[in-house]
Amino acid sequence: MVLDIKVKLQGLWLRLLRLGATEDPLSSFEYGTILALIESDAEGIGGSGFVECIREHIHSGWQCRLTDEQFIAVKELLKTAITLASSRDDVSTIRDALEVSAEMYRKDPNNVQDYVQRHLLSLSVWEELRFWDGYFEYLMENCSNKSTNYVTLVTAQLIVMATHMAGLGLPDIDSWNMIEKIAERNNLGYKQLIKLRALLTHLQQLRVGYWGVPIGKGQPLPSYSMASPRALDISDESEQPAEASVLGRSWVHSMFSRDRSLRASSFNRASDTKAGATAGKTDLAAAQKKTQTNMRILRGHTAAITALHCVTRKEVWDLVGDREDAGFFISGSTDCTVKVWDPSLRGSELRATLRGHTRTVRAISSDRGKIVSGGDDQSVIVWDKQAFKLLEELKGHDAPVTSVRMLSGERVLTASHDGTVKMWDVRTDTCVATVGRCQSAVLCMEYDDSTGILAAAGRDVLAHVWDIRSSKQMFKLQGHTKWIRSMRMTGETIITGSDDWTARVWSLTRGTCDAVLACHAGPILCVEYSPSDKGIITGSSDGLIRFWENEGGIKCVKNLTLHSASVLSISAGDHWLGIGAADNSMSLFHRPQERFGSFSNAGSKVAGWQLYRTPQKTSAVVRCIASDLDRKRICSGGRNGLLRLWDATTSI
C-alpha cells in the first residue's frame, strides 16, 4: 500500500509539471489530490512521500525550473507538508523540504532566479534552534569526506546552514545567534567565527540588495514603482544597511581587540537584541489576544465555498433608507447551491438555500430585488431576493461564467471563459447584445453605470475597454505579460493586477499606462482604490499588502506582512479597510476622521491607515472573502465548506 501511494504521488507530481500555460495548477485535479494526500498523511507518508518525489526527480536530472503557476502550486504544497511534518515532529521531512526548496526556482521579470525557499519564511520551524541543531548533526553524519580537518569540516557545514538561512530570509540577528551557539558547542575558534560572521553578513546584504528586508522580520526599506521586484542596477544612497549588518561589523572589529571584556560585551549585545526581539513578539501576542473579537462559524454548504458576495448599503438603499437585506452575505459552492445568510440572526443565520445550478457556482451579485449567480454549468440564474425563488435562467455562454453584475433597469452583465461579455434583459429573458469580446477567458470585469464604460481582462493579457452606449471599443491596453486577475475602475482611471507581479495604472482618456507598480514578489490577486486619500492598495500571493501614494508620482509608502498566504480580497471605504487572505486570516484597518483645522494631512495620507483589529487565525484554506465595512464585518469561505464570520465591533 505504501508503494502504491508513492507511485501515485510520483505520477501526480509529473503530471502537475506537464500542465499547459493556460491551465491553472491550483484548480487542477493533480494539485487537489496531492494536497489531500499530504493533509491526510496517507499511509504515514503523505508529506514525506511528496518531498521524496521531488528529490528523486532532481536526482534524475531535472533542471528544477518552474513556470509561475507551477511555482505557486509547489510553494503551497511544500508549506502544507512542512507544517504537518512540524506538528508530528518529522524532522527528516522538514530537512528534505528545506533542501529541495533551495533547488526549485522560476525566473522573475529581471531574469533572476527566484527560489521556492524564499517563500517559506512564514513557517515558525525555522526559528527553532532545535531544528538547526538536528540539521547540523545530519550534515556532519552524511559528510562525504570525514577525513578532513575537524575545524574545516564544522565550518563547511555551518556555511551550508548559513546559506539556507539567508535563502529563507531569516533575520540576520536570529541566524547569527543560532550559528554562533552551534559553533561554540563544537569549539570553533575566533578566526572561523569571524569568517562565518563575514559570510553571513555578505549573504544577507546580497539578499536585501535585491529583495529588500522581509517586512516584520527586519527594518522596512522604502519601495518605489520600479522594475519588479527590485532592479539590480538601482542603488539608493538613502537606504541604510540592516541593523544586523552593523552589529556584525562591530562584532568582527571587537575580535581584534585584546580586551576580553569588549569581546564579551559584543556577544552580550547580540543576546540582548535577541531578547528584545523576543519581548516584542510577546507583547504583540498579548496585544492580539486582548483584541480577539467575535467569530461565528456558519454551516450549511457540503463542499468548498467558491463565491461570496456582501449585499452593501449602496446596492439596496432607497428613499426610505436602509433595507432589511443590507449586510446579508450570499455564498456559492461546489455543492451547486447558493445560500443567503443574515448575520443579525445569531444562531440561525441561514435564510435560504437556492437550488438550480448543476455545477460549481463561481460568481454572485445582487440589487434591491434580485440575486444573480453564474457558474461552471455555463448558465446565469436570476433569483427573487424576497421570495427566494428562481425567476430566469439565462443561457448563451459556451464556457463557465466567471463574473456577473446586476445593473439598473433590470439588466445583467456577465463574463465567461468563452471570452465574451454579454448584457441581458431580465424582463424578456434574452441577451440584448454581446458588448465585449476578448481573445481568451475573461477573469475580471468592471462597469461604470453612469458613463457606460465597460472594462474586462483575463488570460489574453490585455485590458479591453468599451463604450457600450455607442457600441465601440475604446482601447486595448497592452503592457502586462501574464494573466490579469484583478481590476478596479474609478473615474478616468483603471487599475489592473497581473500574474507578471505588477499592477498598472491606466488613463481612460488617453488609453496609456501612467504607472507600473512593481514591488511584489508574486502574482497580484487584488487591487483596490481608496477614495478617501486617492491611494492604491495591492495584495499578492507573496502575502504582502502595499499602500501606494499618488502625489507627485506613484510610490509605495507602506508595506505590511500580516498574512502568511495569498491576499485574496481588499475592500476600502471612506474610513475602513477590510483585508482577507488564503491562510484564513483577516484584518480591519481604520483611518481616523480628519477634523477641521487639524494637522492630520501632514505626511503621507495613504500610510495613515491604522490596524484596528485582527482576529485569531485558525487553520483553514480560504477560497474567497467578502467585507461589510458599514457594519465592520468580514466573512471568509473555506475549502471545507464553512463560512467564518467576524464581527469586529463585538469583543469576546
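The model is predicted, with local features requiring pLDDT of at least 70 and side-chain atom pairs counting only at pLDDT 80 or more, while totals for chains, interfaces and linings use all residues. Residues are numbered from 1 along each chain as its sequence is written, and side-chain values use heavy atoms, leaving out hydrogens and water.

Two of the listed repeat spans are described below; helices (H or I, at least four residues) and strands (E, at least two) are DSSP runs, numbered from the N terminus.

| Span | Helix | Strand | Distance between end C-alpha atoms |
|---|---|---|---|
| Residues 354-384 | 0% helix | 65% strand | 10 Å |
| Residues 477-516 | 0% helix | 57% strand | 13 Å |

An open sheet of 4 strands runs in the order S17-S18-S19-S20 with antiparallel pairing, where two strands pair if DSSP finds at least two bridges between them. Strand S17 (442-448) and strand S20 (472-477) are the edge strands, each with a single partner, so one side of each has no neighbour in the sheet. From one strand to the next, the twist averages 20°; axes are lines fitted to C-alpha atoms, and angles run from 0 to 180 degrees between N-to-C directions. Strand S19 (residues 463-467) is joined to S20 by 5 bridges, and the two run antiparallel. Trp 466 has Gln 473 in S20 as its bridge partner.

The largest nonpolar core has 64 residues, of which Met 104, Trp 126, Trp 132 and Leu 158 touch the most other members. Such a core is a set of buried Ala, Val, Leu, Ile, Met, Phe, Trp, Tyr and Cys residues joined through side-chain atoms within 4.5 Å. Helix H4 (residues 68-87) supplies the largest share of this core, 8 residues. The core lies between domain 1 (1-123) and domain 2 (134-206), because both give residues to it; the domain bounds come from an automatic or database assignment.

Not counting residues up to four places away in sequence, Leu 158 touches Phe 136, Ile 179, Ile 182, Ala 183, Leu 188 and Leu 196, contact meaning heavy atoms within 4.5 Å.

Phe 136 is placed in helix H6 (residues 129-141). Phe 136 counts as buried because its relative accessibility is 2%; buried means under 20% relative accessible area, exposed over 50%, and partly exposed in between (1.4 Å probe, protein chains only). Beyond its neighbours within four places in sequence, Phe 136 contacts Val 154, Gln 157, Leu 158, Met 161, Ile 182 and Asn 186.
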